[in-house]
Amino acid sequence: MGPGEQNKEQQDQRAGRRVKRVALPSGKMIEVVYFDQASAPETLPKLELHVCPDCDARLVYPVHWTEVDRANWEVTLRCPNCEWIHTGVFDQETVERFDEELDRGTDSLVDDLKRLVTANMEEDIERFARALARDHILPEDF
Ligand SMILES: [Zn+2]
C-alpha cells in the first residue's frame, strides 16, 4: 500500500466512512465502503403499518391478509381509533416488521396485565398485613 492510498483512507475516515480493501479470489482488489452509523445518509422513513396515517394512533391492525406472491402481501388494515380502513400491497419486509410490532403490542398488553395483577396482589397483601398487624395477638398477651 503506497503512502497515497494510506492518505486516502484517512480522508475517508474523517468523512465518516471506512474503506476496507478486500482481495477477491481472482486477485482483484475491491474497496468496500462502510458508513459509520452516526453519519450514515438518512434513509427514507420506513413504512410503519401499525401507525394510522389519519390519526397517528399506533393501534392499526390487519383485518385480512393474503399472499400476493413470494415477496408481497395484500393487507387490509384498520385503525380502531378513527375507523380508517385501507387495503394495500406491501413487501415482505414491511409486513414482517408489522408482524413483529403486533407481537410486541401483544407482549406489552400481557406485561401490563401482569403488572396490574401483581399490583393488586401487593395491595391485597398489604391490606392483609395491616389487618394482621392490627389483630395480631402476641403470645405474651396471654
Ligand atoms: Zn386512525
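**View 1. Strand S3, residues 61–69, is hardly covered**. None of its nine residues counts as buried (20 or more other C-beta atoms within 10 Å of the residue's own, with C-beta atoms placed from the backbone). Strands are DSSP runs of at least two residues in state E, and helices are runs of at least four in H or I, numbered from the N terminus. The model is predicted: local features need pLDDT of at least 70 and side-chain atom pairs count only at pLDDT 80 or more, whereas totals for chains, interfaces and linings use all residues. Residues are numbered from 1 along each chain as its sequence is written.

**View 2. The open sheet has the order S3-S4-S5, with antiparallel pairing**. Its edge strands, S3 and S5 (85–91), each pair on one side only. Pairing requires at least two DSSP bridges between two strands. S3 and S4 (72–78) pair over seven bridges, and a hairpin of two residues joins them; here proline 62 has leucine 77 as its bridge partner. S4 and S5 likewise pair over seven bridges, with threonine 76 opposite threonine 87.

**View 3. The largest nonpolar core comprises ten residues, among them Leu49, Cys52, Trp73 and Phe98**. Such a core is a set of buried Ala, Val, Leu, Ile, Met, Phe, Trp, Tyr and Cys residues joined through C-beta atoms within 7 Å. S4 and helix H2 (92–135) each supply at least two residues of the core, and S4 gives the most, with three.

**View 4. Tryptophan 73 touches residues including Trp65, Val89, Phe90 and Val95**. Residues up to four places away in sequence are not counted, and contact requires backbone-placed C-beta atoms within 7 Å.

Note on methods. Buried ≥ 20, exposed ≤ 12 C-beta atoms within 10 Å, placed from the backbone. Contact = placed C-beta atoms within 7 Å.
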